[in-house]
Amino acid sequence: MPRWTPHLIPLLKSGKVKHVGVSNHNLREIKLADQILGEAGFRVEAIQNHYSLLYRSCEHAGILDYCRDQGIPFFAYMVLEQGALTGKYSLENPLPEGSSRAKIYNGMLAQLKPLTDKLASIGEKQGAAAPDIATAWAIAKGTTPIIGVTKPHHVDGLVRASGITLTGDDIAELETLADAANVNTRGFWEQEM
Ligand SMILES: NC(=O)c1ccc[n+]([C@@H]2O[C@H](COP(=O)([O-])OP(=O)(O)OC[C@H]3O[C@@H](n4cnc5c(N)ncnc54)[C@H](OP(=O)(O)O)[C@@H]3O)[C@@H](O)[C@H]2O)c1
């Protein structure tokens, strides 16, 4: 990071680069990048990290609080855990055999069922589906989710999610069930936060 970040400064000064964001950085690295850019009058303007009900390490490491305090947008990726949190994949209907998603998630679908059932039941009351609620949860936590839509109707889910307000009880129940699932979905490319 101290090696590459300074090279962005002339590009920012010339206007060739307008904004700097970082991905998969821990809090120490985010602060360091911000400090290096800050010495030249610039700043880190966006963070993009893995954040979902099943993977809240950025929250536990204080990155969400830091972003809130500094006014930096936090873009959450893998909010739906590549489809495993949508409720449409189950022991009876696992993720496509041979896919990298299947290797990661098919072994944990049974543990995820109480959580995906809860996402669905909260959704039913609001005319929404389980993935919409998982997305609404990420919005309620102050993040901007980046959802990997693969079908046109998934976009309708994003519109629904943006209009859903979860109660504090909903959020607490979802997080309790997520913790109880006791799974680790950290990607092979991700470091401990
Ligand atoms: N910076 C990084 O290291 C990094 C790493 C990973 C991802 N990302 C970014 O994050 C984005 C999202 O990641 P992702 O696509 O891996 O994970 P994701 O958003 O957690 O999951 C996407 C999957 O969820 C399902 N889905 C999406 N919307 C749905 C809906 N409304 N209803 C039902 N199912 C729905 C789709 O499954 P089906 O196709 O099976 O329907 C889709 O393949 C990527 O596009 C990428 O830009 C960044």
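Helices, of at least four residues, and strands, of at least two, are taken here as DSSP runs numbered from the N terminus. The model described is a predicted one.

**The loop residue His19**

His19 is located in the loop that joins α1 (5-14) to β1 (20-23). A residue counts as exposed if 12 or fewer other C-beta atoms lie within 10 Å of its own; His19 has 10 such atoms within 10 Å and is therefore exposed. Beyond its neighbours within four places in sequence, His19 makes contact with Glu45 and Ala46. Arg43 lies 24 residues from His19 along the chain, and the C-alpha atoms of these two residues are 8.2 Å apart.

**Packing of α1 and α2**

Helix α1 also meets helix α2 (residues 27-38): the two axes come within 9 Å and cross at roughly 40 degrees. Because of this angle, α1 is oblique to α2. The crossing of α1 past α2 is right-handed. On the α1 side the contact is formed by Thr5, Pro6, Leu8 and Ile9, which meet Ala33, Ile36 and Leu37 of α2. By class, this contact of α1 with α2 comprises six nonpolar residues, one polar residue and no charged residues.

**The ligand shell**

The ligand is surrounded by 21 residues, and the closest are Tyr77, Leu80, Gly148, Thr150 and Gly157. The composition of the shell by class is set out below.

| Class in the ligand shell | Count |
|---|---|
| Nonpolar | eight residues |
| Polar | 10 residues |

Technical notes: Residues are numbered from 1 along each chain as its sequence is written. This is a predicted model: local features need pLDDT of at least 70, side-chain atom pairs count only at pLDDT 80 or more; totals for chains, interfaces and linings use all residues. A residue is near a molecule or strand if its C-beta atom, placed from the backbone, lies within 6 Å of it. Ala, Val, Leu, Ile, Met, Phe, Trp, Tyr, Cys and Pro count as nonpolar, Asp, Glu, Lys and Arg as charged, and the others, Gly among them, as polar. A residue is buried if 20 or more other C-beta atoms lie within 10 Å of its own, exposed if 12 or fewer, and partly exposed in between; C-beta atoms are placed from the backbone. Two residues are in contact if their C-beta atoms, placed from the backbone, lie within 7 Å. Axes are lines fitted to C-alpha atoms, for helices over the stretch in contact, and angles run from 0 to 180 degrees between N-to-C directions. Angles under 35 degrees count as roughly parallel, over 145 as roughly antiparallel, 65 to 115 as roughly perpendicular and the rest as oblique. A crossing is left-handed if the near helix is turned anticlockwise from the far one by less than a right angle, and right-handed if clockwise.
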